Amino acid sequence: MLEVLPRLPDDPILGLAAACRADPNPNKVDLTVGIYMDEQGLCPVFEAVQQAQRQLIEQESSKAYIPPAGDAAFNTGIQQLVLGADSSALLAGRVSSVQTPGGCGALRIGAEIIQAARPNARVWVSDPTWPVHIPLLGSVGLRFESYRYYDAPSHGVDFEGMVADLKSAQRGDVVLLHGCCHNPCGADLELEQWAQIAEMAEQQGFLPFIDIAYQGLGDGLERDAAGLRLLVERLPELIVAASCSKNLGLYRERTGATLFIGQNSASAEALQSQALVAARRVYSMPPAHGALIAGRVLGDQALRQSWQNELESMCRRINTLRSDLRSKLEAAVDQDFSFIEREKGMFSFLGLSAEQAQRLRREHSVYMLDSSRINVAGINAANIDIVARSVAQVLG
Ligand code: PMP
């Protein structure tokens, strides 16, 4: 019976990364997959994570399941990290959460809850959005509508278009928003724009669902969450999918959380109970290792400080790379690349055609997606000139 299933094509992003690994050119550059890489081109383990992990290994006396909602210290830590320790929703007890397998698990649990509340609800997604949003939410039964977001000519947010499109979002609809560091375009909303979205949600009654996978990698932990927090302060209900893959470097440990902000503590509790039942039918129990580490890092003053310092230096490095890349490109090509500096987080669309992106791979071994999305953190002192020169050549 299984022979009916054909071989499916490889994931396009992972396929490109594999092609880069197989490329014998010593000057190849991999700007494909969204992982943070340091000057040496390695994805580092945070010092605080290493320390917490050593403590955990010394002290862990059992591999029995952790509770279905996950580690309590982790849940407290992630709620405070995302919402702010002084969040009025938190203080009012209107928040609950469940630990999930990464941000993807968090999105999936959020989708299950939406589907339970409003079967086949309409989810508004930005154009473009992270492509994985579609299967993650769609496989639950949710339907999609897209709203204008990225304006290619100006390399910024088409906020007028976004507002015009979201005027049609109604009570019972969900609007998926990127909390910060938009993937793939790097163009984020200003705080006043978040305020306007909050007002629309209040008036029209749609439910915001916020995916925050890069908190700390745009403008710092607090500023990256400011828009999301504004919505939390103003709205009665909200779902947040948070990931610790990037900001704690726990990618393979699959560490994330779905946060529910309810009308009151009873509804927050009800939502958590629904999430536990949803988790039970999807993967049962969350993985423990990453969340036990993250819970320690977030809850211990010294580890937390060490982690924040390291995260801040990563964030500074990304922003320095953004300005360096802009200068190098502008020196090589007569074009305005100031948008690279305005954008946030790891991603940027360079504005090349698919044909030009393919030529970069073929002729220069510089790997980026056909959309010309680059992972800025893949750039370093050793390859930045190669990148700028190669881009100049395909543009010229
Ligand atoms: N949302 C977005 C926008 C992402 O880019 C990612 C990771 N690439 C995630 C969610 C989830 O990541 P993970 O499941 O690895 O935590």
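**Exercise 1. Which residues does the domain assignment give to domain 1 and domain 2 of the chain?**

Before you start, note that residues are numbered from 1 along each chain as its sequence is written. This is a predicted model, in which local features need pLDDT of at least 70, side-chain atom pairs count only at pLDDT 80 or more, and totals for chains, interfaces and linings use all residues.

Solution. 
- Step 1: domain 1 covers 12-44 + 314-395, and domain 2 covers 65-299; such bounds come from an automatic or database domain assignment.
- Step 2: 28 Å separates the C-alpha centres of domain 1 and domain 2.
- Step 3: 18 residues of domain 1 are in contact with 20 residues of domain 2 (contact: C-beta atoms, placed from the backbone, within 7 Å).
- Step 4: on the side of domain 1 that touches domain 2, ten residues are nonpolar, five polar and three charged (Ala, Val, Leu, Ile, Met, Phe, Trp, Tyr, Cys and Pro count as nonpolar; Asp, Glu, Lys and Arg as charged; the others, Gly among them, as polar).

**Exercise 2. Find the buried residues of α16 and what they pack against.**

Solution. 
- Step 1: Val 387, Ala 388, Ser 390, Val 391 and Val 394 are buried (20 or more other C-beta atoms within 10 Å of a residue's own, with C-beta atoms placed from the backbone).
- Step 2: these buried residues of α16 pack against β1 (29-30), α13 (301-332), α15 (354-364) and β12 (366-367).

Conventions. Buried ≥ 20, exposed ≤ 12 C-beta atoms within 10 Å, placed from the backbone. Helix = DSSP H or I, 4+ residues; strand = E, 2+ residues; numbered from the N terminus. Contact = placed C-beta atoms within 7 Å.
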